[in-house]
Amino acid sequence: MSRSPRVAALLDAAVSVIAAEGLRGLTHRAVDARANVPVGSTSYYFRTREKLLTGVVALIAEEELADIAQAEVAEEFASAPPVRQVADRFAGVLAHWLGPERERTRARLEILLTAGRPDDETGTELRRARERFVEQARLLAAGLGSRNPVEGGRIVVAFAEGLTYDGVVRPGPDTTDRATLRRALETVLTALAAPQGAGAEEGG
């Protein structure tokens with residue numbers, strides 16, 4: 001989605017407000033203050049709080065999908081089996097979300113836990129974002145040979161969300177370290193890929 005630099009800056013400020021103060025602290029004035037812009041700037045672009053929050057959800061989803069698209073496998077795993085490569089690439093994304101982008105991740109979790117009824121704008125945007133992530137995970141599961149990539153994709157997303165939540169509420173080397181995350185992800189991805197291997201052995 002194309003945005004002006006001013007709108008992007010306001011949404012970034014809104015993310016910071018949510019991460020620091022929770023959704024209760026999200027007001028147009030709070031975003032104006034965080035972005036260091038004149039009072040009324042945020043309400044000019046986002047007439048209601050609902051539209052502001054929907055804009056934040058869309059921004060976070062776009063940025064996280066971009067992180068996934070740009071993620072790379074660490075050099076030492078370049079020749080590793082596919083499951084290990086995928087696990088390392090995915091672990092790199094999660095480590096990024098729990099490290100440099102921790103504030104954004106905290107804001108996303110706050111929104112997921114406390115906002116978005118199914119019939120409002122925020123709920124619709126949250127559902128759209130989740131569907132995009134599940135589709136990415138479905139393709140990943142299919143590429144690994146899962147017999148049920150739709151269910152496999154949902155499992156991957158749910159597991160990744162669990163790791164992310166754990167890393168935010170219980171930060172430390174055991175929850176945010178890329179190697180630790182890779183080992184956890186490899187366990188789940190191996191299980192998803194196992195049916196293909198089993199079928200090959202049976203057929204041989």
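This note goes through the fold, the charged pairs, the pocket and some surface features of the structure.

1. **Ground rules.** This is a predicted model, where local features need pLDDT of at least 70, side-chain atom pairs count only at pLDDT 80 or more, and totals for chains, interfaces and linings use all residues. Residues are numbered from 1 along each chain as its sequence is written, and side-chain values use heavy atoms, with hydrogens and water left out.

2. **Overall fold.** The protein has 10 helices and zero strands. Read from the N terminus, the order is α-α-α-α-α-α-α-α-α-α. Helices (H or I, at least four residues) and strands (E, at least two) are DSSP runs, numbered from the N terminus. The C-alpha trace spans about 70 × 35 × 30 Å along its principal axes.

3. **Burial.** Of the 204 residues in the protein, 46% are buried. Buried means under 20% relative accessible area, exposed means over 50%, and partly exposed lies in between (1.4 Å probe, protein chains only). Accessible areas come from the Shrake-Rupley method with a 1.4 Å probe; for residues, only the protein chains shown count as cover.

4. **Salt bridges.** Side chains of opposite charge can pair when their charged atoms come close. The rule here is a side-chain nitrogen of Lys or Arg within 4 Å of a carboxyl oxygen of Asp or Glu. By this rule there are 15 salt bridges.

5. **Helix 6 to helix 4.** Arginine 104 and glutamate 63 form a salt bridge, at 3.3 Å from N to O. Arginine 104 is in helix 6 and glutamate 63 is in helix 4, so the pair ties together parts that are 41 residues apart in sequence. Is arginine 104 buried or exposed? Arginine 104 counts as buried, because its relative accessibility is 5%. Glutamate 63 is partly exposed, with a relative accessible area of 27%. Both residues belong to a network of salt bridges that links Glu63, Asp67, Glu101 and Arg104.

6. **Helix 10 to helix 5.** Aspartate 88 deserves a look. Arginine 178 forms a salt bridge with aspartate 88, and the closest N and O atoms are 2.7 Å apart. Arginine 178 lies in helix 10 (residues 178–203) and aspartate 88 in helix 5, so this pair ties together parts that are 90 residues apart in sequence. Arginine 182 also meets aspartate 88 in a salt bridge, at 3.3 Å from N to O. That pair links distant parts of the chain, with arginine 182 in helix 10 and aspartate 88 in helix 5, 94 residues apart. Aspartate 88 counts as buried at 1% relative accessibility. Arginine 182 is buried too. Arginine 178 is partly exposed, with a relative accessible area of 29%.

7. Rolling a probe the size of a water molecule over the atoms shows where empty space is left. A pocket is found on a 1 Å grid over the protein atoms alone: it is an open set of points where a 1.4 Å probe fits, with protein on both sides within 12 Å along at least five of seven lines, and lining residues have an atom within 4 Å of a point. Grid points are joined across faces, edges and corners, and the volume is the space filled by probe spheres set on the points. The largest pocket holds about 610 Å³ of space. Two or more lining residues come from each of helix 4 (49–70), helix 5 (82–98), helix 6, helix 7 (121–143) and helix 8. Which helix gives the largest share of the lining? Helix 7 does, with eight residues. The lining has 27 residues, and Glu64, Trp97, Phe133, Val157 and Glu161 lie nearest the centre.

8. **Nonpolar patch.** Leu112, Leu113, Tyr165 and Val169 form a nonpolar surface patch, with about 400 Å² of accessible area together. Helix 6 (102–114) and helix 8 (149–169) each give two or more residues to the patch. Patches are made of residues with over 30% relative accessible area and no salt bridge: like charges are joined within 9 Å, nonpolar side chains (Val, Leu, Ile, Met, Phe, Trp, Tyr) within 5 Å. Leucine 112, in helix 6, is partly exposed at 40% relative accessible area.

9. **Aromatic pair.** The whole structure holds one aromatic pair. The ring centres of tyrosine 44 and tyrosine 45 are 5.0 Å apart and the planes are at 90°, so the pair is edge-to-face. Rings of Phe, Tyr and Trp (its six-membered ring) pair if their centres lie within 6.5 Å; planes under 30 degrees apart count as stacked, over 60 as edge-to-face and the rest as tilted. Tyrosine 44 counts as exposed at 56% relative accessibility, and tyrosine 45 as partly exposed at 36%.

10. **A backbone detail.** Asparagine 36 is not a glycine, yet has a positive phi of about 60°. Asparagine 36 sits in the loop between helix 2 (28–35) and helix 3 (41–45). Asparagine 36 is exposed, with a relative accessible area of 70%.
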